[in-house]
Amino acid sequence: MSEEQAGGASGASLIGRIKASIQAESRDEEAKIRSRRRLIGLLTGGFLTTNLLMFLRFFFPRTIFEPRTQFRIGLPTDYGIGVDTRFQKSKRIWVVRTTDRLFVIYASCTHLGCTPDWKLSEAKFKCPCHGSGYDPEGRNYEGPAPRPMDRAYVSLDPQGRIVVDTSVLYREEKGQPTQFDTEGSYIQV
């Protein structure tokens, strides 16, 4: 083989290698383009699907399930003298029994609506938010609370069980006659 032939063969192989390299690069570039297109397609599809689901959600009602405002809490004999806190979390009330009355305090501070705690050792309701203090009958005596806590409507059903309705609240305002002595704010025991 002459030098010219060897040079021609090596030149041809060099050109073949260059062409193969260019073809491989173009295949790699096409693969990158396809993967980019696939990614953009998935992102666009996800965006459109999310918007479609948000659009469909518009047609379903947004319902808030509130607890019942009227419920039974047992017999008057179930409660001893003092404050009963068993319904504080579930119904947001305290049942208070004195020697002659039973009434229900709605557990909401009159300052900003926080739920006070019953402090048995101090015999008072104490609001954890801003420090309002209430006596066992729910009357405010310390802190920023502007008035006593509200009392819920309470009555007896025909079987003698206590029925509480927290949609009817009795309040005591300064300068006005008290509602705490009206029928429905307590039951006689």
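**A guided tour of the predicted model**

Start with the colouring by confidence: this is a predicted model, with a mean pLDDT of 86, and 93% of the residues of the protein reach 70 or more. Two elements mark the ends of that scale. Select residues 3-57, which form helix 1, where confidence is lowest at a mean of 81. Then select residues 151-156, strand 9, where confidence is highest at 94.

**The whole chain**

Next, orient the view along the principal axes: the C-alpha atoms fill a box of roughly 130 × 35 × 35 Å.

**Surface, burial and contacts**

How many of the 189 residues, as a percentage, count as buried? The share is 29%.

Contacts can be considered next. Among those in the protein with a separation of 6 or more, 42% are accounted for by residues 24 or more positions apart.

Now colour the surface by charge.

Select R92, and show its backbone. This residue is found in the loop that runs between strand 2 (82-84) and strand 3 (93-97). Its phi is positive, at about 60 degrees, although R92 is not a glycine. Is R92 buried, exposed or partly exposed? With a relative accessible area of 24%, R92 is partly exposed; the cut-off for buried is under 20%.

Move on to A123, which lies in the loop between strand 5 (117-119) and strand 6 (124-126). Here too the residue is not a glycine, yet A123 has a positive phi, of about 55 degrees. The relative accessible area of A123 is 39%, and A123 is partly exposed.

To finish, display R92 and A123 together with the cartoon. R92 sits in the loop between strands 2 and 3, and A123 in the loop between strands 5 and 6.

Conventions:
Residues numbered from 1 in each chain as written. Predicted model: local features only at pLDDT ≥ 70, side-chain atom pairs only at ≥ 80, totals over all residues. Heavy atoms only, no water. Buried < 20%, exposed > 50% of the residue type's maximum accessible area, 1.4 Å probe, protein only. Contact = heavy atoms within 4.5 Å. pLDDT = per-residue confidence, 0-100. Helix = DSSP H or I, 4+ residues; strand = E, 2+ residues; numbered from the N terminus.
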